[in-house]
Amino acid sequence: MIKKPTVQTILDAKAAGNAKPAYFSPAGPLIGRTRVPGDKSISHRALILSSLAIGKSEISGLLEGEDVLATAAALRAMGAKIEQKDNLWTVHGVGVGGLMQPETAIDLGNSGTSVRLLMGLVASHDISVTFLGDASLSKRPMGRVIDPLTAMGADFTARITADDQACLPLTVRGLCPAVPLEYRLPVASAQVKSAILLAGLNTPGITRVIEPVPTRDHSETMLKGFGADISVEIDGQDNRIISLVGEAELEPQNITVPGDPSSAAFPVVAALLVPGSDIVVENIGINDTRAGLFTVLQEMGGDIRFENRRTVGGEPVADIHVKHSKLKGIDVPAGIAPSMIDEFPILFVAAALAEGQTITSGLSELRVKESDRLSQMAEGLIMLGADVSENADGLTINGSGGKPLRAQTDGAMIKTALDHRIAMSFAIAGLVSETGVSVDDMSPTETSFPGFSDMLAALQSSTR
Ligand code: S3P
């Protein structure tokens, strides 16, 4: 499926460093059963909580992508013993409060979840840690985590940008004992919520996070599984109030990580869009706080069924059966955004091929992900002839009604801006294009979806 890059693409890639350009050509039907790597959010949390339990935890199904490996390396640098044999990960934790001073600065590459969760962890330890990241991570705002953790007593020195944002590199000096906090989240962010709860684990008293809009709840579920005293209540205004009793003791666990719905999103949309497709993506987490994309695609007319529903490690899991469908545009309610926050890039590709108009709003958070996903997606889709207008907090897309996308200029190359989900979204766009799509750099897919291109190729091979 992937044609050899041209000399020019190789030269451009060399100029950009270690970029891996690729070309995705129009595809025949996707057929068969597939799997995707483990859930990224759950994998980070499994490593972190295992590192805080005393004794041996075992993790299977862990995502072995760069982001999660960065978390593992950071935890090792702070004293946890983490080993991998075949696909099984073993963690000997240091106990809550037991993290040690790392010898050097910790580089977290592209991973926002790693840096924000680990900032929380360090905030209530008597250690000082400097965090670094790549060009994408170094642009992302850290003030949202610094503010509540400062209120708990941690001290931060961060680089301040021209527009007054606190960014990496930054150094956090933790306080032990820290001060418990009651904090109402000003942005719907599971990373901020989790950073505060992780800081609260080693803090005397009750740490409380109030969520006006629910975000992914893997931290709460897994903390409970490790034996923390954590409760969730819903108040009269529909706020989720999460209360954690500090100075917790965590019991080691055996964890099975389900497949990542955010990764499954790519083959699911590919199968919906490519005529004749019929696939099953096995073993995918379908937690309500993550499954918004599937609901939206079903409303657009997508034939998506959840088969073999079960519970794995406290998380709902199913095999997702998808058949090619004629999609129609819809007005996506802003309230569903947190449950599909990482899936908008691929939804925009689906919308570009649907019949009629898709309107999205309330998505200003997409501008501070691994890239500005609203402008990267708008720019790339317009390069492919789609009718897209970019608003402050969303895109409006007039779909082609199934007519394949078409690169508007010869040699047009999509910019992925160090963003794995932009890279994978345009790879899928290539499958439903007339001209094929060239992507300047597929290397970011290693952060969350090692084997992405092979998975796509395997789904197509049975029809060749
Ligand atoms: C994540 C939360 C989300 C999501 C990210 C993973 C997590 O970020 O975009 O990919 O694992 O907690 P925000 O907390 O910034 O919404």
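1. The model is predicted, so local features need pLDDT of at least 70 and side-chain atom pairs count only at pLDDT 80 or more, while totals for chains, interfaces and linings use all residues. Residues are numbered from 1 along each chain as its sequence is written, and side-chain values use heavy atoms, with hydrogens and water left out.

2. The sheet is open and consists of 3 strands in the order β19-β21-β20, with antiparallel pairing; strands here are DSSP runs of E with at least two residues, helices are runs of H or I with at least four, and both are numbered from the N terminus. Two strands are taken to pair if DSSP finds at least two bridges between them. At the edges stand β19 (355-359) and β20 (387-391), each of which pairs on one side only, and the twist from one strand to the next averages 5 degrees.

3. Between β19 and β21 (residues 394-400), which run antiparallel, there are 5 bridges. Within this pairing, Q357 is found opposite N398 in β21.

4. Two helices lie across these strands. Helix α10 (residues 344-353) lies across β19 and β21 and runs at about 35 degrees to β21, whereas helix α11 (residues 373-383) lies across β20 and β21 and runs at about 160 degrees to β20. Such angles run from 0 to 180 degrees between N-to-C directions, the axes being lines fitted to C-alpha atoms, for helices over the stretch in contact.

5. S262 belongs to helix α8 (residues 261-273), and it counts as buried because its relative accessibility is 1%, the limit for buried being under 20% relative accessible area with a 1.4 Å probe and protein chains only. Leaving aside residues up to four places away in sequence, S262 touches R290, D342, E343 and R421, where contact means heavy atoms within 4.5 Å. With R290 there is also a side-chain polar contact of 3.0 Å; within protein, this term means a pair of N or O atoms within 3.5 Å, one able to donate a hydrogen and the other to accept it, and residues adjacent in sequence count only if both atoms are side-chain atoms.

6. The residues surrounding the ligand include K40, T113, R216, I341 and K369, and D342, which S262 touches, is also among them. Oxygen atoms of the ligand lie 2.6 Å from an N or O atom in the side chain of R45, 2.6 Å from a polar side-chain atom of S189, and 2.8 Å from a polar backbone atom of Q191.

Methods
Buried < 20%, exposed > 50% of the residue type's maximum accessible area, 1.4 Å probe, protein only. Near = heavy atom within 4 Å.
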